[in-house]
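Good morning, everyone, and thank you for making time for this one.

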Amino acid sequence: MSPDAGPTAVPGDPGDPGDPAPPEPILTLARSARRVTVLTGAGMSAESGVATFRDPLTGLWARFDPTDLATPQAWRADPGLVNAWYLWRVALVRRAQPHAGHQALAVWAARPGVDLRLVTQNVDDLHERAGSVVLAHLHGSLFAWRCDHCERPVPPPDPPTDAGERQRIDPTPCEHCRDGRRRPGVVWFGEPLPRTAFDDAVRACLEAELVLVVGTSGLVHPAASLPRLAAESGVPVVEIDPHPTALAATADHIWRAPAGTALPALVEALGPIESADLPR
Ligand code: BV8
Ligand code: ZN
């Protein structure tokens, strides 16, 4: 499937670019699927005001590349700088709200008979705050801090009120070992993904009747390999993203639309809950 085949590029059904209605083949798959795995990336949080990794950083951080800051090397070289960046992001996510797309996924998961498994690359808690249960945070969480020496969990620090204006905020010492510093519980580039999270994500993709990929450029591995793993196992893959991505060639159907519009429209169109699906 060529990624630039129009705004709602769906084989056999180009769809109307301005029409928020789900393309028919995508709706048919969503209606019939009982086991649905949803993989979300930074684009899922974009309409909540949380910038994606592709977006240029703003303000204080405009001259930095996130892929340079999100590394153990950066932490070793300048812990105050990296700590300030994460505390700024914690403050930003705390001010953000889940949007209708986050809520739609929680509604879909609550439909009787549906086993929806949510896997995210995002380190924010917007899915949880919309009522979703997240099966796997592949890249960790902004809210699960730990010691960079003894690795024990520590409470997430409260960002100072001027977190947005300070380029350096020294990390606080670990309360357990005193030798380490409190670091964000995210997976930095060059660090391995949490084994259980990745294994659960692989199983969720292989056992699905539909894999829905929302808001990821498909550039960061090994998370980016999950949709192809599903496709190679014969699981239909649908992509929702307003722009072409590296995953377009893997997707059976593409809906060039933002998550905050597409997901509510899709869940709305699933139709009334069948009495046969209601718990006895
Ligand atoms: C590892 C936490 C091994 C930190 C993140 C194989 C091939 C090539 C490279 C590699 C490879 N294997 C490993 C690598 C290296 C590296 C990598 O992939 N590099 C890339 C840059 C080439 N991978 C790693 O280092 C991984 N570790 O493999 O370790 C290992 C094994 C054993 C022992 C030691 C080591 C770790 C990767 C995890 C890095 N951490 N996050 C933090 O957040 O600070 S990744 C981070 O960037 C995010 O979590 C996210 O995953 C990623 C950004 O990707 P996306 O989510 O896709 O976001 P992006 O901005 O790219 O795209 C946004 C999309 O949204 C766009 O498509 C846009 O169109 C769309 N969008 C915009 N608006 C909307 C929208 N969609 C819908 N609605 C909208 N409104
Ligand atoms: Zn410690």
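Which domains does the domain assignment of the protein give? It gives domain 1 (1-50 + 96-139 + 192-280) and domain 2 (57-93 + 143-186), with bounds that come from an automatic or database domain assignment. This is a predicted model, in which local features need pLDDT of at least 70 and side-chain atom pairs count only at pLDDT 80 or more, while totals for chains, interfaces and linings use all residues. Residues are numbered from 1 along each chain as its sequence is written, chains are lettered from A and ligands numbered from 1 in the order in which they are written, and side-chain values use heavy atoms, with hydrogens and water left out.

The C-alpha centres of the two domains lie 30 Å apart. Their contact, meaning heavy atoms within 4.5 Å, takes eight residues from domain 1 and five residues from domain 2.

Let me turn to the sheet. Six strands form an open sheet in the order β3-β2-β1-β6-β7-β8, with parallel pairing; helices (H or I, at least four residues) and strands (E, at least two) are DSSP runs numbered from the N terminus, and two strands pair if DSSP finds at least two bridges between them. At the edges are β3 (134-137) and β8 (253-255), each of which pairs on one side only. From one strand to the next, the twist averages 20 degrees, where axes are lines fitted to C-alpha atoms, for helices over the stretch in contact, and angles run from 0 to 180 degrees between N-to-C directions.

Strand β1 (residues 35-40) is joined to β6 (residues 210-214) by five bridges, and V38 stands opposite L212 in β6. As for the helices, α1 (residues 24-32) lies across β6, β7 (237-240) and β8, running at about 110 degrees to β8. Helix α10 (residues 259-269) also packs on the sheet, touching β6, β7 and β8, and its direction makes about 155 degrees with that of β6.

Finally, which strand gives the most to the lining of the second largest pocket? That is β4, with four residues, and β4 (140-147) and β5 (182-186) each supply at least two. The lining includes H137, R146 and E191, and it draws at least three residues from each of domain 1 and domain 2. A pocket here is an open set of points on a 1 Å grid over the protein atoms alone, where a 1.4 Å probe fits, with protein on both sides within 12 Å along at least five of seven lines, and lining residues have an atom within 4 Å of a point.
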